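Visitor: I would like to learn how to read a protein model, one feature at a time. Could we begin with the rings and then go on to the helices?

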Amino acid sequence: GGLHMKRTISILAALLCIIGFRFLPAPSGMTSSAMQVLGIFIGALILWLTLSIDWPSLLALAALVTVPELTMGSVLANSLGNSTVAFLLFTFMCTYAISKTSFVKRCAILFISSRIARRSPWCFLILYCASILVIGLVMSPSVVFVIYLPILRAICEELELRQDDRLANALMLGQLFSSAISCGMTPIAHVFPIMAIGFYQNATGTSVSYIHYMAFAVPVGLLCFAAMLLLFRFVLRPDLSCVSRLDFDALKRSVTPADRREKATLIIFFLVVAMWVLPEFIEPILPAVASFLDTQGTAFPPLVGAVALCLLSVGGAPLMNFKEAMRKGVEWGSVIMAGATLALGSAMTNAEIGLTDWLSGAIAPTLNGLPVWLLILVFTVWAAVMTNVASNMVTVTVVCAVAIPLCMASGGAVSTPAIAMIIGMLASYAFVTPPAHPNVPLAIGSGWTKTGQVILYGTILMVISIVVTVAVGYPIASALMGA
């Protein structure tokens, strides 16, 4: 049938890219390995967009091993051995334990049935997205997104939404976009802005304060958030009539009071969240604890949480059954895909393969003679587009590598710190294609939105974010940070 035909064409096209690219004549200065990595990336992207996110990720890993500079060990270390994969695995376990209690439902219902949310169905949708934006200011976008998945499921069940209902789509897209935007708004617990600050500091010896960063990134984020809501209102146009069917009071009554198991699970979970958020704040008081937590990274707190949940029993049963959590709680397709995108990202920035160097060398000469406003636009567009088709880490690394020296060479015409911070902020705005951020395959895998829908609305929002950044973000940043 047609489906079988589509599958065959996708697989053939992908294999042609994966196997054939290394034999194509490379542009001057580009190695055949760099061509091969590019081919693997394009081939994987074809399969992710047309077939699925799970087994094509394994194919990408297998293909990377054939690149002469890479070995099975290095590919595994950069993919399944990466702390992000462990972070996802452990966090899924912890959030599964939470989803087994009625806490998540209670939170969701508190929000949906608050007095503001009851004013109108649009207030309800706005509040849902705004709560994610606020929590996301001090938490990693992956954490916020994974915590909210069961809340979304609870709301959709209450409203008896099908997966193709536009309201369900709007909630999922709002969750995806809001968690990404909030990540760009502050450097607290957010890797990409922190990386950009680090690159700028390495290049110039001066640092950018968190306050200066937030002074331009928060206004940009709020404008993009408002634009997202307008996009839902006038383009997606979900049918919100079912929200008025919600019997808010019955909903409130349906939530049972917390029992001892739930309280114990919650205490452990909030300790995990505290370990993610606190290092920033406790540094002046407990420097040793803060530095220990910082050094261990984001995967350590949920590991401790998962162990505690399996270890402690309440009412004769452990708080979490390990086998059940592994079977029902972990989104394995997303975990494997996150690993594959990390391995692809590290192959793209691998110094021996030289793809980054080739890009920098090919692009720098063309940018040297451009007028100032065009340079600002080029770096903004480049960061925004690249983060949405490749990994955020790759984007911050590559674009900063080219932009910082060029801006410094402009003799103050272009503000170097402003451009570096814009790159860090826009690298967080990753929500168009599955390789952009682990949250994207999670959103698509949930079934509440489709790949095509994420790409369409994500692209529109990306264009808006570019306009807002150039028109509002850069002037504020350059006024605050100078050249």
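Visitor: Is Tyr 429 buried or exposed?

Guide: Keep in mind that this is a predicted model. A residue counts as buried when its relative accessible area is under 20%, and because Tyr 429 has a relative accessibility of 2%, Tyr 429 is buried. Phe 431, at 0% relative accessibility, counts as buried as well.

Visitor: How many aromatic pairs does the structure hold?

Guide: There are seven aromatic pairs in the structure. To read one of them, look at the distance between the ring centres and at the angle between the ring planes, where an angle over 60 degrees counts as edge-to-face. In the pair of Phe 292 and Phe 300, the centres are 5.5 Å apart and the planes stand at 90°, so this pair is edge-to-face. Phe 292 is partly exposed, with a relative accessibility of 43%, and Phe 300 is also partly exposed, at 25%.

Visitor: Why is the pair of Tyr 429 and Phe 431 tilted?

Guide: The ring centres of Tyr 429 and Phe 431 lie 6.4 Å apart and their planes are at 40°, so the pair counts as tilted. Ring pairs also join Tyr 429 and Phe 431 with Phe 177 in a cluster.

Visitor: Which charged end sits over the ring of Phe 234?

Guide: That is the charged end of Arg 233, placed 5.5 Å from the centre of the Phe 234 ring.

Visitor: Now for the helices: at what angle do α8 and α12 pack?

Guide: For a helix pair, one reads the angle, the distance between the axes and the hand of the crossing. Helix α8, residues 121-136, packs with helix α12, residues 210-236, at an angle of about 145°, and their axes are 12 Å apart. Their crossing is right-handed. Among the residues of α8 in this contact are Trp 122 and Leu 125, while those of α12 include Phe 225 and Arg 233. Sorted by class, the contact of α8 with α12 has eleven nonpolar residues, no polar ones and one charged residue.

Visitor: What is the hand of the crossing where α5 passes α15?

Guide: The crossing of α5 and α15 is left-handed. The axes of helix α5, residues 83-99, and helix α15, residues 260-277, come within 9 Å and cross at roughly 145°. Phe 87 and Thr 91 are among the α5 residues that take part, and the α15 side includes Phe 269 and Trp 276. By class, the contact of α5 with α15 has seven nonpolar, three polar and no charged residues.

Key: Residues are numbered from 1 along each chain as its sequence is written. This is a predicted model: local features need pLDDT of at least 70, side-chain atom pairs count only at pLDDT 80 or more; totals for chains, interfaces and linings use all residues. Side-chain values use heavy atoms; hydrogens and water are left out. Rings of Phe, Tyr and Trp (its six-membered ring) pair if their centres lie within 6.5 Å; planes under 30 degrees apart count as stacked, over 60 as edge-to-face and the rest as tilted. Buried means under 20% relative accessible area, exposed over 50%, partly exposed in between (1.4 Å probe, protein chains only). A charge sits over a ring if NZ of Lys or CZ of Arg is within 6 Å of the ring centre and within 35 degrees of the ring normal. Axes are lines fitted to C-alpha atoms, for helices over the stretch in contact, and angles run from 0 to 180 degrees between N-to-C directions. Helices (H or I, at least four residues) and strands (E, at least two) are DSSP runs, numbered from the N terminus. A crossing is left-handed if the near helix is turned anticlockwise from the far one by less than a right angle, and right-handed if clockwise. Contact means heavy atoms within 4.5 Å. Ala, Val, Leu, Ile, Met, Phe, Trp, Tyr, Cys and Pro count as nonpolar, Asp, Glu, Lys and Arg as charged, and the others, Gly among them, as polar.
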